Amino acid sequence: MPTTRTDRLDIRSSDDVVKVRQQTRTMAVAAGLSLVDQTKIITAASELARNTLDYGGGGEVHMEVLEDGGRRGVRMVFEDRGPGIANIEQAMRDGFTSGSGLGLGLGGAKRLSNEFKIESTPGSGTKITIGRWKA
Amino acid sequence: MDRIPILKLGNALLVTIQVDMHDRLATALEEDLTSKIVAFGAKGVLIDISALEIVDSFIGRMLDNIAAVSRILDADTVVVGMRPAVAITLVELGLSLSGVKTALNVERGMALIQSRLEEFDADDED
């Protein structure tokens, strides 16, 4: 699948979460997503960037604009080397939080994306991939 | 640190959020608003979010908190100017903002606050 544009950002502070939102918008516009789809993927990215910071102890995100035949979209991979998630099923459930948040981040990010994949190993980190395709 | 300005408008407070807020800025706004409600004896808080491109769970929780705290302090909170794409996304995210009153724009939000005050005045006369 050809990639037309890539970027990588560190997530170390709440200012970086703002930068992730802004860069996600740039990518979503480049992919030609509608305004509602842009809003959804930016919101999902904001949730995951904050999780990376608050629960993963910081990390990074890779983002790309993809082109697959006639299809265009954005894919983002959030990675941290934090404590990992022991029970993914529980973490995905709305309302569950191990911190002070609302517990909507993971489930919400999944609902706002067309693609969602989560890989986590307790003790070594978490990797979450989301994608949104142009409708 | 930057602060979001809070304006006094009659017996209400008006906050226009014009920047993409980082989390600490949102938390500071919550604290500033609470102390200004008390300082001015404000009966209403209008929060204009028409410039916000997204509302995620953190900002959503901030709006809910402000509404809950101002209610305890006898002030009504009205969130105005939410973009349609933001409303659609919020519902899908799982946030219904059930404790927050909303209006289409500042004018209608102000009317909502005034109508509540008039209701109370009318009750007093009974």
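1. A word on pairing to start: two strands pair if DSSP finds at least two bridges between them. Strands here are DSSP runs of E with at least two residues, helices are runs of H or I with at least four residues, and both are numbered from the N terminus. With that in hand, look at strand 1 and strand 2 of chain B, which pair in the antiparallel sense over 4 bridges. B:L9 stands opposite B:A12 in strand 2 of chain B. The hairpin of these two strands has 2 residues between the strands, and B:G10 takes a positive phi near 65° there.

2. Before going on, please note that this is a predicted model, in which local features need pLDDT of at least 70 and side-chain atom pairs count only at pLDDT 80 or more, while totals for chains, interfaces and linings use all residues. Residues are numbered from 1 along each chain as its sequence is written, and chains are lettered from A and ligands numbered from 1 in the order in which they are written.

3. Now for chain B as a whole. Its secondary structure comes to 4 helices and 5 strands, and along the sequence the pattern reads β-β-α-β-α-β-α-β-α. The C-alpha trace spans about 45 × 30 × 25 Å along its principal axes. A compact globule of 126 residues would have a radius of gyration near 14 Å, and chain B agrees with its 14 Å. That radius is taken over C-alpha atoms, and the globule rule is 2.2 Å times the number of residues to the power 0.38.

4. The sheet of chain B is open and mixed in its pairing, with 5 strands in the order 1-2-3-4-5. Strand 1 (6-9) and strand 5 (101-103) of chain B stand at the edges with a single partner strand each, so one side of each has no neighbour in the sheet. From one strand to the next, the twist averages 25°. At the strand 5 end, strand 4 (residues 76-80) and strand 5 of chain B pair in the parallel sense over 3 bridges. There, B:V80 stands opposite B:A103 in strand 5 of chain B.

5. Which strands of chain B does helix 1 (residues 23-40) of chain B touch as it packs on the sheet? They are strand 1, strand 2 (12-16) and strand 3 (44-48), and the direction of helix 1 makes about 160° with that of strand 2 of chain B. Helix 2 (residues 57-72) of chain B packs on the sheet too, touching strand 3 and strand 4 of chain B; its direction makes about 155° with that of strand 4 of chain B. Contact here means that the C-beta atoms of two residues, placed from the backbone, lie within 7 Å. Angles run from 0 to 180 degrees between N-to-C directions, and axes are lines fitted to C-alpha atoms, for helices over the stretch in contact.

6. Chain A has its own open sheet: 5 strands in the order 1-2-3-5-4, with antiparallel pairing. Strand 1 (3-11) and strand 4 (115-121) of chain A are at the edges, each with a single partner strand, so one side of each is left without a neighbour in the sheet. Neighbouring strands of this sheet are turned by 10° against each other on average, direction ignored. Strand 3 (residues 71-80) and strand 5 (residues 125-133) of chain A pair in the antiparallel sense over 8 bridges, and A:D80 has A:T126 in strand 5 of chain A as its bridge partner. Helix 1 of chain A packs on the sheet, touching strand 1, strand 2 (59-68) and strand 3 of chain A; its direction makes about 175° with that of strand 1 of chain A.

7. Finally, see where the chains meet. The contact takes 24 residues from chain A and 18 residues from chain B. Helix 2 of chain A gives the most to the side of chain A that touches chain B, with 9 residues. Helix 2 of chain A and helix 3 (residues 84-93) of chain B pack at an angle of about 45°, with their axes 9 Å apart. That makes the two helices oblique, the class left for angles that are not under 35 degrees (roughly parallel), over 145 (roughly antiparallel) or 65 to 115 (roughly perpendicular). Among the residues making this contact are A:L35 and A:V36 of helix 2 of chain A and B:A85 and B:V86 of helix 3 of chain B.
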